[in-house]
Amino acid sequence: MANIQEKISALCPSATFDESGELLLVNVPDENWHALAKALKEELHFDLLNAVAGVDWKESLGCMYYLTNTETQEMIHVKVATTDRETPRLHTVSDVWAVANYQEREVYDFFGIEFINHPDMRRFFLRNDWVGYPLRKDYDANPELNPLRLEAEENEDDTYALVEDEKGEIKRVDKKVFGPDEYVINVGPQHPSTHGVMRYRAAIDGEVVKKVDVVSGYIHRGIEKLCEDLTYPSMLLYTERMDYMGAHMNRHATCLCIEKALGIEVPHRAEVIRMMMDELMRLSSHLLSYGCLTMDQGATTAFFYGFRERELIYDIFDKTCGARMSMSYDTIGGVVRDVDPEFVNDVRKACDAIEKAIPEYHKLFSGNVIALGRMKDVGTLSLEDAKNYAITGPSGRASGFHCDVRKTQPYSLYNEVEFDEVVYENGDSFDRYMVRMKEMEQSIKILRQCCDMMDKEGHQGEFCAKVPKIIKLPAGHWYQQVEASRGAFGVYLESDGEGKPFQHPYRIHFQSPCFNLVGVVDLTCKDNLIADLITITASLDYVIPDIDR
Amino acid sequence: MEIKSPKIKSIKHEEFKDNEYIDSLVAELNAAGANIVVGKLDQLMQWGHANSLWPFCFGTSCCAIEFMCLGAARYDMARFGFEVARNSPRQSDYIMCQGTITYRMAPALVRLYEQMAEPKYVIACGGCTVSGGPFKKSYCVVKGVDEIIPVDVYMPGCPPRPEAMFYGLMQLQRKIKASKFFGGHNRKEARAKFFEAKAAAEKDSALRAEHMRLAEESKAPVLER
């Protein structure tokens, strides 16, 4: 770490450092930030931008950038802030890390920070006639300011950019998203094949897609703001309603983050249970993704096969957690209650059943000529683009990106079990599909090892550590990543250490993998047929409430 | 002729929890009286209609996944005639709102509802559509779809189990059986009343001007157009 610190101070003398937290914090003034970002990527190889979290520190507004060097897995984070609250402006890094494009639009939407040289400053989640910036601490929540409007948005084609010239003067340039001679097709927000309420506007030439504009926010529920009014244990319920197909993992990540802040050691047995739940969830998610991908391409029969095995997993959740979905099972310090006495047997049976069913899935769909024709060499994502757009999870690994958090930054007990990271090379729709199919086999492998661990631990025992009744975190901020079903899910948690008698999170930001996935829709669909847009988005397999939060 | 309480094959009348509501609908129909020919025709239409309800999938979040389970092999809603999930509002009988409706989505939902052909029904599936659910305090969530469209059946749960969804769908079948297809109760009129009341509250120009004035006075920055 000291080495990196020296290198950064050589690159940017005005940077200050703070090593008291879990990661090295670099404070950079805004005017040096863009140059430093370029150097960080090109010279120090911090090529993955994990998360951008906007924060309102009351005296200043700014962003936290979490960066990873994908070769050495070193992580640092950079704080860039401005004290101007009237017209807050920062420099964009969307030309350095492409993923920052949408991330910065999110920050603009929530905090009103405008990014200089950003190509497209539009709101991302909220209506363009929204008044105020909801995540600011001085946000006026008066419902009369933003009533429920039943008329459609106007001028949704308008956007602007702040352009800085060589002298440092900033000019506002108004732009249009689509040109006057572009033929634009609207897909969504209510479309059976967008997996929820996503809306695309695609400019087409004949049948070939030229550009896709993503309009998100149709299921934006303001979870991050809602969490700020709740205590830590009660806020956990929202984590499962973002990516409901990665409910256990999301909750696991948030619990890990709070445990890290509190310094709680989770009992070994509780970690095994959590890990088993994570892997069951992953199986369930990949089965759903198989079902949906096949159905989107017209193979409705295959959908029923995927759902047949999912019911087995639902039964296990139902018995132990008491619900089929929205399980609310992980808690700070462990899990809520002990597992069902039949749990391990049920898991073994489900593993056997799914293992037997996987060849059947392949027989039904994988070798199909139509399926191959529609998926092979369609929607190719290169390794550089995957890193640049921070595409993790199965979609990233299909492009040859070694990004499995279970391997790169092992959490829980993943370094105690044996499994392979599934990596493909072509990065087309077919590879993304195959990665998921192969990962199911690996999940079964992990589950079987966990079952053996559970046998050693005993069917009854410790399932939760001793946790104080009222949870209070010291001042500071933490970041925790886990491998959710669709990629690296990160939680940024900031506490001000105050609050009596109950403490609420000062700021919580969920870095969802699907948010990044939707960023490559334009890139992957370009020059493909409009019908392939459905295949490509199905193979990317995002969950919309996870994007919108 | 006298109209009797609706019977459906799947569950006995006594096993439903809120029979008073259906009974009150039946009593209302009987009070108005029914012609014997039209009454018989009505029964035939209701029988056919109640047993071939086609849903319009309007899945925004978690509940949609449970709805997919409902369509899959174990629960198999085709047994009850809720068979073909339609993707076009013009081909469907009822809209099942699954998941939170946000301010941005609300205009689209109303538009889709208006595109559906009569007779049409609405089911609010899940806590979010019933009342806003866990997101009730959010700044951009509609606190229950009944704020924007009239709802026939409420299904609580987060998400409701498939069994609960069946219960709700059967309630809808019963409600259809206790209604008149020809003449009598005018659905269009009732619906028009609902929307008129909403519009009066919504588009009151004085109120709107007040909103704009508040927006200008507020410290929150107003987006430049």
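**Chains, sheets and helices of a predicted model**

Visitor: Which strands stand at the edges of the open sheet of three strands in chain A?
Guide: The order in this sheet is β10-β11-β12 (chain A), with antiparallel pairing; two strands pair if DSSP finds at least two bridges between them. A strand with a single partner has one side left without a neighbour in the sheet, so the edge strands are β10 (183-187) and β12 (208-215) of chain A.

Visitor: How are neighbouring strands of this sheet turned on average, and which helix packs on the sheet?
Guide: Direction ignored, neighbouring strands are turned by 25° against each other on average. The packing helix touches β10, β11 and β12 of chain A, and its direction makes about 145° with that of β11(A). Angles run from 0 to 180 degrees between N-to-C directions, and axes are lines fitted to C-alpha atoms, for helices over the stretch in contact. The helix is α17 (residues 530-540) of chain A.

Visitor: In chain A, what is the order of the open sheet of five strands, and which strands stand at the edges?
Guide: The order is β1-β2-β5-β4-β3 (chain A), and the pairing is mixed. Each edge strand has a single partner strand, so one side of each lacks a neighbour in the sheet; the edges are β1 (16-18) and β3 of chain A.

Visitor: What does the twist of that sheet average, and which helix packs on it?
Guide: From one strand to the next, the twist averages 25°. The helix touches β3 and β4 of chain A, its direction making about 10° with that of β3(A), and is named α3(A).

Visitor: Which residue of β5(A) is the bridge partner of A:L67?
Guide: β4(A) and strand β5 (residues 75-82) of chain A pair in the antiparallel sense, over eight bridges. The partner of A:L67 in β5(A) is A:I76.

Visitor: How many residues of domain 1 of chain A are in contact with domain 2 of chain A, and which element gives the most?
Guide: An automatic or database domain assignment sets the bounds: domain 1 is 1-6 + 16-149 and domain 2 is 223-548. Two residues are in contact if their C-beta atoms, placed from the backbone, lie within 7 Å. By that test, 21 residues of domain 1 of chain A meet 23 residues of domain 2 of chain A. With six residues, the element that gives the most to this side of domain 1 is β3(A).

Visitor: How far apart are the C-alpha centres of domain 1 and domain 2 of chain A?
Guide: The assignment places domain 2 at 223-548 of chain A. The C-alpha centres of the two domains are separated by 26 Å.

Visitor: How many residues of chain A are in contact with chain B, and from which helix comes the largest share?
Guide: 46 residues of chain A are in contact with 49 residues of chain B. α4 (223-227), α5 (232-239) and α8 (300-321) of chain A each supply at least two residues of that side of chain A. The largest share, four residues, is that of α8(A).

Visitor: Why is strand β15 of chain A largely enclosed?
Guide: A residue is buried if 20 or more other C-beta atoms lie within 10 Å of its own, exposed if 12 or fewer, and partly exposed in between, with C-beta atoms placed from the backbone. β15 (residues 476-484) of chain A is largely enclosed by the rest of the structure because, of its nine residues, the number buried is seven.

Visitor: How many residues lie between β15(A) and β16(A) in their hairpin?
Guide: The strands run antiparallel, and nine bridges join β15(A) to β16 (residues 487-495) of chain A. One of the bridges pairs A:E483 with A:A488 of β16(A). The number of residues between the strands of this hairpin is two.

Visitor: How far apart are the end C-alpha atoms of helix α14 of chain A?
Guide: The expected span of a helix is 1.5 Å times one less than its number of residues. The 29 residues of α14 (residues 429-457) of chain A should therefore span 42 Å, and the distance between the end C-alpha atoms agrees, at 42 Å.

Methods:
Residues are numbered from 1 along each chain as its sequence is written. Chains are lettered from A and ligands numbered from 1 in the order in which they are written. This is a predicted model: local features need pLDDT of at least 70, side-chain atom pairs count only at pLDDT 80 or more; totals for chains, interfaces and linings use all residues.
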